Amino acid sequence: MKNVWDEHYERPKSKLAFPDENLVRLLSRIQPKNRNALDFGCGSGRHSYLLQNEGYTVTACDTAKTTIDLLKEESSSIRFLHTPDTDLAFSSKEFGLIVSWGVFHYNQREDAKKLLSSLYESLDTNGYLLGSIRADGDTHLGLSKGKMNLKDLSGGYAETYSLEDLKSFLSIFSNVSIGYSERTPLGKLEERICHWFFLAEK
């Protein structure tokens with residue numbers, strides 16, 4: 001059965017090609033010894049290819065089977081996996097780097113914590129989690145009791161995080177640095193797209 005994300009990635013406009021500039025900046029700050037990387041919630045694969053170009057051996061996964069099937073058709077050494085639920089089958093300390101860009105906030109808080117705990121276990125000692133998460137103040141998703149009122153993702157679930165929420169969420173890590181970004185959609189100056197982005201070290 002297709003979910004809102006399968007339908008989302010069937011639309012050509014959803015296939016983003018360019019990496020997020022904040023992630024590019026964060027990657028330039030780290031050099032993990034373990035060069036195995038996971039792109040968790042890879043979507044169209046834009047960050048998977050970025051990681052590969054940075055010299056990592058890349059595994060990429062997503063809950064949307066649609067996008068994973070499409071990515072598997074491309075000629076690439078990246079391992080693409082369909083991960084439909086919160087049960088992740090990665091090995092302990094498998095990755096030196098995990099990227100989770102715009103993923104956690106599309107899960108209920110308890111599921112997000114379960115995913116984070118599993119990713120933490122698969123992260124090597126002194127490994128890094130680089131991520132972004134929707135911030136309080138965001139109006140673009142049109143949230144009402146967790147439901148999105150956004151044409152492309154109508155009916156999907158999301159929630160936003162305060163700075164204290166995010167600090168608590170990432171408290172299992174030994175060192176965390178947090179940044180913030182805010183922008184408006186073109187032609188919609190009254191709307192706000194708000195994200196925290198972070199670098200967390202195990």
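**View 1. Glu191 sits in the loop between β6 (175-183) and β7 (193-201).** Strands here are DSSP runs of E of at least two residues, and helices are runs of H or I of at least four, numbered from the N terminus. This is a predicted model, where local features need pLDDT of at least 70 and side-chain atom pairs count only at pLDDT 80 or more, while totals for chains, interfaces and linings use all residues. Residues are numbered from 1 along each chain as its sequence is written, and side-chain values use heavy atoms, leaving out hydrogens and water.

**View 2. Asp62, in strand β2 (residues 57-62), is our next stop.** Asp62 is buried and also lacks a salt bridge, with Arg46, the nearest side chain of opposite charge, 10 Å away. Look instead for its polar contacts (N or O atoms within 3.5 Å, one able to donate a hydrogen and the other to accept it): the Asp62 side chain reaches the backbone nitrogen of Cys42 at 3.3 Å and that of Gly43 at 2.8 Å.

**View 3. Here is the largest nonpolar core, with 27 residues.** Such a core joins buried Ala, Val, Leu, Ile, Met, Phe, Trp, Tyr and Cys residues through side-chain atoms within 4.5 Å. Phe40, Phe104, Leu129 and Phe169 touch the most other members. Helix α5 (109-122) gives the most, five residues.

How values were computed. Buried means under 20% relative accessible area, exposed over 50%, partly exposed in between (1.4 Å probe, protein chains only). Lys and Arg count as positive and Asp and Glu as negative; His and the chain ends are not counted. A salt bridge is a side-chain nitrogen of Lys or Arg within 4 Å of a carboxyl oxygen of Asp or Glu.
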